[in-house]
Amino acid sequence: CAGWTSRALLLLVPAERRPLIGADIDVTILIFAAAVSAGTAVLFGLVPALLATRVEVLPALKQSASGTVTSDHPAHKIWSTSFVVVQVALSLVLLVGATLFIRTLTNLQRQALGVDEDKLLVFGVDPSQNGYAGDRLVALYGDLIRRLEVLPRVESVSAVRLRLFSGWVSSSSISIPGLAPKPSMNMQSNGVGAHFVKTFGIRMLAGRDIDWSDIDAKRRVAVVNEAMASYFFGDLNVIGRRFSFGETPDPDAEYEIIGVVSNAKYSQVRGTFPRTAYIPYTAMRTTLQGLYLHVRTAADPIDVAASVRGVVRSVDPSLAIVEMDTMRHQVADSLWQERLFAKLTSAFSALALTLACVGLYGTMSYGVGRRRSEIAVRMALGARYGQVLWMVLRQAVLLAVIGVVAGVPLTLLAGGYVSTLLYGLTPRDPATMAMTAAALIATASLAGYLPARRAARVDPAVALKQD
C-alpha cells in the first residue's frame, strides 16, 4: 500500500519533474513510520489499561450484580474528552493550512500577469545545436519567424531568449549617464524578437515596439517596462535616454530606450513586477543560441501546432522542437508546487476532520449509553424532546469550541513556518481563521447530533424497565 500511495502521489507532480523525485520506499523512512505507529498504539493503549487497574472492586461488583453500570472513573472521562479536544485542535491546524494554500493558489491564478496568455502557442528551438552560428543563425531565425507569420489563423509571431514563467532570469546592474545612483541599480533583461509587444499582449504606453529593422541591424535599443522607467527616471520622459550594463558607464555599449510598456512578469508568477528591459535578441551581450517562439493565433493554439511543426521542418528537418505547449498551460504548470500543497493539505485535513468527528461521535454515543437511565428519568419527569436533544448536543458543541480555542495558538505557531509559501494573504488572516473555525464547529456538532437525537428518542418506560 505504501508503494502504491507513493506512486499515486507522484502523479500530482508534472511529468518533467518526476524523474527528480524518487518514488521508491526508503528503508529508513519505513522503519521510522513503523516505530511511530507502534509507539502510538502503545501510548494510546497503555493509558486506558492503567485506568482499568484503578477500578474499585466492591462498587464494580455491586454494579455488575445489578446488571447496570452508572458511573465512570473521572479519569476515564478526562481521557476521552481530552482526546477529542486534541483531535479537534489538530484538525483546525490542518484545515486552516489547507484553506491558506487553496486561497494562495486562487490568488496566483487570478492575478494579472501583464501578458495575454490566451491563444498563445510557445515552443523552443536551438539551431546552434545543429551547427548554426553568427549571421547564419540570425538569418535562420528571421526566415522561420517570417514563415510562421503568414500561416493561416496566425496573428503575430515573436521570440524571447528566456521563456516566460520558466523561473529563469537574467539580472545585472546598469549605469545611466547623468543619473545619480539609486539604492539598487539592478534590472532584469530579456532578448526578444520583432513585434513582441503585440504578440505578448502587453500594453504600449509610450514610444514604439521593436521591429524587424532593429533585429536585422542589431541595433542597441530597448523597450523598458513601467517599473523600470518610474524607478530610475521618475516622471521624466525616458524615450531617448540611454543605459549600459555594468557598474561603470560604457558609451560604446549603451542601449537607447525607444519605448515603455506596461508591467509584466516573465520569470515567475509570484512576486512583484520586476524592473525589466526588452532588447533585440540580435543585440544581446551574450552569444545567440536557442530561442522560444511565441505564436499568437486567432483560434485554439493546439489547432495550429501541426502547421507550425511543418514550417519548422521545411526550414530545416533536423531542427528539434522542445516544450511546445500553450502559454496558459505553461502558466498553470508553473504553479505545480502550490497545487500540490493545496491537494495534500486538503487530503490530510479531511482525514483529520473525519477522525475528529468519529472520536466525538464515539465519545457522545458512549456517554449517552452511560446516561440512559438519567435521561429516562428526566423525560419521565416531563423533559421535552428539544431539551434532551440540546442537553446532549451542547456537550459536543462545547468540546468542539474548546478544541478550536486550543488549536488557535497551534495554528498561529504553525503559520509562521508556511508564511513564505503564501501569496496575497498572511498566516493570521482573520477571515480564513473564522471561516475554518466555524466550519469545524458545525461539522463536529453534526457528529454529536446523531447521539443526541438517539438520546432524545429514549422511551422512559422501556429504559427504566431494562435498568
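The largest nonpolar core of this predicted model holds 114 residues, and Leu148, Phe243 and Tyr281 have the most contacts inside it. A nonpolar core here is a set of buried Ala, Val, Leu, Ile, Met, Phe, Trp, Tyr and Cys residues joined through side-chain atoms within 4.5 Å. Buried stands for under 20% relative accessible area, exposed for over 50%, and partly exposed for what lies in between (1.4 Å probe, protein chains only). In soluble globular proteins, nonpolar side chains tend to be buried together. A contact, or touch, means heavy atoms within 4.5 Å.

Residues are numbered from 1 along each chain as its sequence is written, and side-chain values use heavy atoms, with hydrogens and water left out. Since the model is predicted, local features need pLDDT of at least 70 and side-chain atom pairs count only at pLDDT 80 or more, while totals for chains, interfaces and linings use all residues.

Now for the whole chain. The protein chain contains 15 helices and eleven strands; these are DSSP runs numbered from the N terminus (helices H or I, at least four residues; strands E, at least two). Of its 467 residues, 42% count as buried. Among contacts with a separation of 6 or more, 81% come from residues 24 or more positions apart. The chain exposes about 24400 Å², and carbon and sulfur atoms supply 61% of that area. Accessible areas come from the Shrake-Rupley method with a 1.4 Å probe, and for residues only the protein chains shown count as cover.

Helix 9 covers residues 301-315, and its 15 residues reach 21 Å from first C-alpha to last, close to the 21 Å expected at 1.5 Å a residue. That expected span is 1.5 Å times one less than the number of residues. Helix 9 also has a kink of about 25°, centred on Ser307, where the bend is the angle between axes fitted to the seven residues ending at a residue and the seven starting there. At the start of helix 9, a side-chain oxygen of Asp300 comes to within 3.1 Å of the backbone nitrogen of Ile302. The buried residues of helix 9 are Pro301, Val304, Ala305, Val308, Val311, Val312 and Val315. Their packing partners are strand 1 (120-125), helix 5 (134-149), strand 2 (154-160), strand 10 (291-297) and strand 11 (322-326).

Phe233 touches Ile176, Met228, Val238, Arg241 and Ile257, not counting residues up to four places away in sequence. Phe233 and Ile176 are 57 residues apart in sequence, yet 9.8 Å apart in space, C-alpha to C-alpha. Just after helix 8, Gly234 takes a positive phi of about 65°.

Thr199 sits in helix 6 (residues 196-200) and counts as buried because its relative accessibility is 0%. Thr199 touches Leu120, Ser156, Val157, Ser158, His294 and Arg296, with residues up to four places away in sequence left out. Ser267 lies in the loop between strand 8 and strand 9 and is buried, with a relative accessible area of 10%. Ser267 and Leu164 are 103 residues apart in sequence but 5.6 Å apart in space, C-alpha to C-alpha.

Backbone angles complete the picture. Most residues other than glycine have a negative phi. His195 has a positive phi of about 60° although it is not a glycine. His195 is placed in the loop between strand 4 and helix 6, and at 30% relative accessibility it counts as partly exposed. Glu323 likewise is not a glycine and has a positive phi, of about 55°. Glu323 lies in strand 11 and is partly exposed, with a relative accessible area of 44%.

Note on methods. A polar contact is a pair of N or O atoms within 3.5 Å; within protein, one must be able to donate a hydrogen and the other to accept it, and residues adjacent in sequence count only if both atoms are side-chain atoms.
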